[in-house]
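Here is a short report on one protein model.

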Amino acid sequence: GGTAGVDGIKFPDGTIQTTAGGKEITTMGYEVMTADGSTGVVAICSPNKAVIGGGCWNMSAQDLRHSFPTNANGAYYDNAWYCGTSTGFGIRAFAICVNY
């Protein structure tokens, strides 16, 4: 994955992506949200943003059981990413979000 910037998404090899799906990335409101916890963690997009992808980092190398988009805070569309383990050790959820 790349890092969002004013001019697009910059990737580790130095290339910059400025459009996606025919839209300027800067107008899409691209952001990556994170959340840390144990057993079950939800990374939630900012208001008026939808999740388009996500993932999990199991910080303790324990069993990762769940990784999927979900809705949070009463949203009627997916605006978060859920990660779950079978143990109570550290886990980080990532949500890739754009304007809804």
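The sections below take up the disulfides, then an asparagine, then the strands.

## Two disulfides

This is a predicted model. It holds two disulfides. Count the bonded cysteines in sequence order, and the pairing reads 1-4, 2-3.

## Cys-45 and Cys-97

Cys-45 and Cys-97 form one of the links, with 2.1 Å between their sulfur atoms. The cut-off for a disulfide is 2.5 Å, so this pair qualifies. The angle about the S-S bond is -80 degrees, and the link of Cys-45 and Cys-97 is left-handed.

Cys-45 sits in the loop between strand S7 (40–44) and strand S8 (49–58), while Cys-97 belongs to strand S11 (residues 90–99). The pair therefore ties together parts that lie 52 residues apart in sequence. Cys-45 and Cys-97 are both buried.

## Cys-56 and Cys-83

Cys-56 and Cys-83 form a disulfide too, their sulfur atoms being 2.0 Å apart. The link of Cys-56 and Cys-83 is left-handed, at -95 degrees about the S-S bond. Cys-56 is in strand S8 and Cys-83 in strand S10 (residues 80–85). The two are 27 residues apart, so the bond links distant parts of the chain.

## Asn-79 in its loop

Asn-79 lies in the loop between strand S9 (64–70) and S10. Its relative accessibility is 8%, so Asn-79 counts as buried.

Which residues does Asn-79 contact, leaving aside neighbours within four places in sequence? They include Ala-43, Ile-44 and the bonded Cys-45. Lys-49, Ala-50 and Val-51 are also among them. Thr-70, Asn-71 and Ala-72 complete the list.

## A three-stranded sheet

Three strands make up an open sheet, in the order S6-S11-S8, with antiparallel pairing. Strand S6 (31–38) and S8 are at the edges. Each has a single partner strand, so one side of each has no neighbour in the sheet. From one strand to the next, the twist averages 20 degrees.

S6 and S11 pair in the antiparallel sense, over eight bridges. Thr-34 has Phe-94 in S11 as its bridge partner.

Technical notes:
Residues are numbered from 1 along each chain as its sequence is written. This is a predicted model: local features need pLDDT of at least 70, side-chain atom pairs count only at pLDDT 80 or more; totals for chains, interfaces and linings use all residues. Side-chain values use heavy atoms; hydrogens and water are left out. Helices (H or I, at least four residues) and strands (E, at least two) are DSSP runs, numbered from the N terminus. Buried means under 20% relative accessible area, exposed over 50%, partly exposed in between (1.4 Å probe, protein chains only). Contact means heavy atoms within 4.5 Å. Two strands pair if DSSP finds at least two bridges between them. Axes are lines fitted to C-alpha atoms, for helices over the stretch in contact, and angles run from 0 to 180 degrees between N-to-C directions.
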